[in-house]
Amino acid sequence: MLEKFSFKNQLENLVQNPENHSYLLAVSGGADSMVLASLFQGLRLTYEVAHINYKLRGTDSDLDQKTVQDFCEKNHIQFHLYEVSEKDRKPENSIQLWARELRYRFFREIQEQENLKFLVTAHHLNDQLETFIINLSKASGINGLSGIPAGTSNTIRPLLNFSKKEIYEYAEKNKIDFREDLSNKKNDYLRNKIRNEIVPKLLETNDHFLENFKKSSYYLNQTKDFVHKQIEEIENKLTVFNPEHKILSKEKLAQESAFVQFEILKKYGFDCEEEIPKIFTAENGSSFFSKEYQLMINRNELILVDKDKKQETKDELLLIEGFDFSENTISISLENTIDHIDGINNNFEWEFDATKLQFPLRLRKQQDGDEFFPVVFPGKKKVSKFFRDEKLSILARPKIWILCDGHNSVLGVIPFRQDRRYTKDEKTKSILKIFNEKKK
């Protein structure tokens with residue numbers, strides 16, 4: 001039964017010492033949110049109210065706003081209003097998704113401006129049942145069937161264990177003003193159809209249907225938490241230590257069930273079940289992209305690179321403008337210029353015949369079509385094939401510098417091989433020396 005003390009118990013389950021925090025209540029003017037506001041007022045908590053007038057129902061929308069605003073004025077509560085206008089570009093379809101994105105963006109802005117720790121919404125047990133049915137129809141798995149979470153990092157739903165009937169009874173008993181949204185009676189949205197046609201028939205089957213559903217939902221959430229803990233432990237066993245990127249053992253993950261593969265990879269945005277098997281059959285060097293991550297296949301590794309954390313590096317550096325031929329030898333040290341790469345000896349010393357070079361010389365990253373004539377090796381070789389032959393990892397390749405001349409010809413791949421066409425010989429009088437030596 002919904003009473004002040006039972007509500008307080010639910011709130012305390014979500015927030016330790018609720019009286020020590022501040023809240024933003026999302027209040028539409030309906031029974032659920034007006035009861036929520038009244039309960040917060042009765043508990044003398046520090047809160048403010050946010051309301052959105054979508055201008056979708058004419059005078060009714062304005063009366064909803066007035067109901068919320070009157071409550072705030074009467075109780076001296078800070079009232080935040082967002083009125084939808086032409087600039088918001090209301091879509092002809094997907095109104096619900098558009099409205100949800102708009103209101104949560106508004107709520108987060110108010111939270112930040114007013115320094116309010118928790119957003120509080122008035123979702124209740126009937127909402128939970130509707131969500132369960134919707135997710136059941138979408139084959140959404142245990143996460144979807146677990147429904148709406150009672151609390152996340154900064155959003156709480158303390159009415160989630162109370163039914164719509166209990167909320168109405170509390171409103172009537174405490175003479176709380178609220179507005180009915182008559183558009184909820186229409187079956188033009190899936191949720192409304194479930195609410196108006198399916199849920200009433202389910203409730204008729206058992207006097208304790210909602211109470212039993214609440215218990216089932218609790219058990220499902222416990223199961224979900226257990227599964228997530230197990231998945232996390234498996235992922236930790238598959239993870240190869242790397243300070244820059246997340247790396248998973250491709251071989252070990254391939255041995256796990258399709259369920260485990262999906263649960264691990266979906267954390268990084270790869271949530272299409274049909275696409276995941278392609279990751280394990282893709283050629284070395286292949287890449288897959290989600291909204292936030294790039295997944296690269298590196299032999300027996302899956303490398304996950306956070307797009308937002310990619311380090312910005314220069315793609316080109318001027319090394320030398322020209323050569324002073326009055327000098328016999330000019331030396332250029334690349335100390336502190338080239339990146340240290342694990343497993344690669346960065347020490348090298350190349351000597352060029354300066355008369356064979358087209359200046360200026362530059363350092364740049366690999367480009368498609370790059371090729372050179374590496375010393376020791378016969379003939380010509382593409383730089384991309386040279387990388388493969390050297391078994392350079394996908395993470396190492398972007399860090400390799402290419403030395404090129406004024407015609408963009410490759411003079412060497414640092415620190416591995418220089419191009420033999422430009423090396424000094426017994427006739428060379430002007431030497432350009434490029435080197436990198438590790439300090440001892």
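Modeller: Start with what covers the buried residues of α1: the cover includes α2 (31–42) and β5 (155–156). This is a predicted model, where local features need pLDDT of at least 70, side-chain atom pairs count only at pLDDT 80 or more, and totals for chains, interfaces and linings use all residues. Residues are numbered from 1 along each chain as its sequence is written, and side-chain values use heavy atoms, with hydrogens and water left out.

Contact means heavy atoms within 4.5 Å. Helices (H or I, at least four residues) and strands (E, at least two) are DSSP runs, numbered from the N terminus. Buried means under 20% relative accessible area, exposed over 50%, partly exposed in between (1.4 Å probe, protein chains only).

Helix α1 spans residues 4–14, and its buried residues are Ser-6, Phe-7 and Leu-11. They sit on the same side of α1, because their arc around the axis is only 140 degrees. That arc is taken from the directions from the helix axis to the C-beta atoms. Phe-5 and Asn-13 are exposed on the other side of α1.

Now the strands. In β2 (residues 46–53), 7 of the 8 residues are buried. Strands pair if DSSP finds at least two bridges between them. β2 pairs with β1 (residues 22–26) in the parallel sense, over 5 bridges. Ala-26 stands opposite Ala-50 of β2. β2 also runs parallel to β3 (residues 79–83), joined by 5 bridges. There, Asn-53 has Glu-83 in β3 as its bridge partner.
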